[in-house]
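Q: I would like to learn how to read aromatic contacts in a protein model. Can we go through them step by step?

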Amino acid sequence: MTQETNHQQNNQLNRTQPSPQLVSLLQGKLNTLIGKSSGYIENLPEDVKRRICGLNFYQFEHAKLEAKFQEEILALEKKYLKLYQPYYEKRAKVVRGECEPAEEEITAGASLFEKEKERQAQEGDPATEKNKEVQGDPAAEKSKEESTGDSCKGIPEFWLTAMKNLITISDNITERDEEALKHLIDIRISYLENPGFQLEFEFEENKFFSNTLLVKTYYYQDEPGYGGDYVYDHAEGTKIDWKEGMDLTITVETKRQKHKGTNKTRVVKTTVPAESFFQFFNPPPPDCEEDDDDADLDSRLETDYQIGEDIKEKLIPRAIDWYTGKALEYEDMLDDDEYFEGDDYDEGDYEIDDDEDDGDDEGAGGRNGEENDLNASNNRTDLHDN
């Protein structure tokens with residue numbers, strides 16, 4: 001291809017693509033129009049405008065009731081957290097191996113598992129037979145354990161297993177994180193005096209950090225948002241006291257530099273942020289401003305808040321269901337409803353592409369995109385029919 005041809009193509013591209021300056025100018029103009037009146041209301045007849053003012057007053061009174069509604073919901077959440085607390089405390093003691101459930105509690109729980117298996121069999125749930133193949137016969141496993149005399153304390157890796165089954169959390173857990181999260185022995189929630197909540201992660205002694213308690217606190221704005229809902233303001237996390245060489249939130253990059261004058265080579269080590277669940281405890285500060293180096297700030301804030309909400313609303317209340325995988329059945333049902341909502345779906349309109357190229361780009365921590373998808377799938381362990 002000649003230089004003249006290249007020059008012509010470049011000129012054609014320049015003519016068809018708007019300049020960044022023009023795009024920025026147009027975006028700025030559009031932003032100034034947001035919230036401005038189109039003039040439609042102002043040009044309506046006076047008697048119609050009076051009625052609209054009346055409706056606006058009704059809406060204002062409705063908004064006050066919505067805010068009151070949210071206040072009462074929060075009060076109910078606090079009330080019932082106190083009622084849930086004894087069960088959370090029993091769960092924590094069993095997981096840590098500090099006590100055993102009463103025999104009648106074990107019998108009742110086993111009966112519930114059996115009823116769940118019967119329901120799945122009646123509905124023809126394919127996951128039932130699949131899990132039997134993967135997990136094996138629980139009665140046989142118990143007999144094997146008794147014959148060998150092997151036993152363990154509490155329920156090992158309870159919280160790690162539950163977290164790996166919740167997709168919003170598992171997506172942020174690396175293989176390096178798992179070794180540390182095996183030492184997680186409890187997750188608790190408490191409400192602040194002002195609107196907001198606090199998540200407490202309790203760890204046993206481990207080789208990674210000296211903290212035994214990592215805390216994440218979410219604060220809401222003082223004024224409710226549109227619709228009366230509490231609006232997320234910012235979050236704060238515990239500073240993790242990493243032991244030497246064990247910080248999972250950074251990686252060390254080694255580079256060789258040659259001196260221009262002496263030709264001597266030196267080794268320079270720099271630390272860069274690494275993908276890790278423990279970045280959860282280092283959220284963007286409340287006064288953080290978006291810049292060229294952090295263009296995805298809004299996405300980070302949204303993800304951080306969503307993880308906190310999922311831990312609060314899903315993981316803590318139903319930890320055993322996430323551990324066994326029972327919760328996945330209902331989670332998948334909700335996902336399917338959201339996926340197909342509003343659109344007519346015809347299976348014949350789609351075909352599966354088996355020839356899609358595999359990605360091999362490396363991400364932080366040495367995991368590529370394909371491995372992440374496989375890990376997320378493999379980590380969602382269904383145990384509830386065993």
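A: The model is predicted, so local features need pLDDT of at least 70, side-chain atom pairs count only at pLDDT 80 or more, and totals for chains, interfaces and linings use all residues. Residues are numbered from 1 along each chain as its sequence is written, and side-chain values use heavy atoms, with hydrogens and water left out.

Q: What describes a pair of aromatic rings?
A: The distance of the centres and the angle of the planes describe it. Rings of Phe, Tyr and Trp (its six-membered ring) pair if their centres lie within 6.5 Å; planes under 30 degrees apart count as stacked, over 60 as edge-to-face and the rest as tilted. The whole structure holds 25 aromatic pairs. In one of them, Tyr-84 and Tyr-88, the centres are 6.1 Å apart and the planes lie at 50°, so this pair is tilted.

Q: How are the rings of Trp-242 and Phe-278 arranged?
A: Their centres are 5.6 Å apart and their planes at 80°, so the pair is edge-to-face. Phe-278 is buried, with 1% relative accessible area.

Q: Which residue lies over the face of Phe-280?
A: A charge sits over a ring if NZ of Lys or CZ of Arg is within 6 Å of the ring centre and within 35 degrees of the ring normal. Lys-216 lies over Phe-280, 3.5 Å from the ring centre. Lys-312 lies over the face of Phe-197, at 5.4 Å from the ring centre.

Definitions and conventions: Buried < 20%, exposed > 50% of the residue type's maximum accessible area, 1.4 Å probe, protein only.
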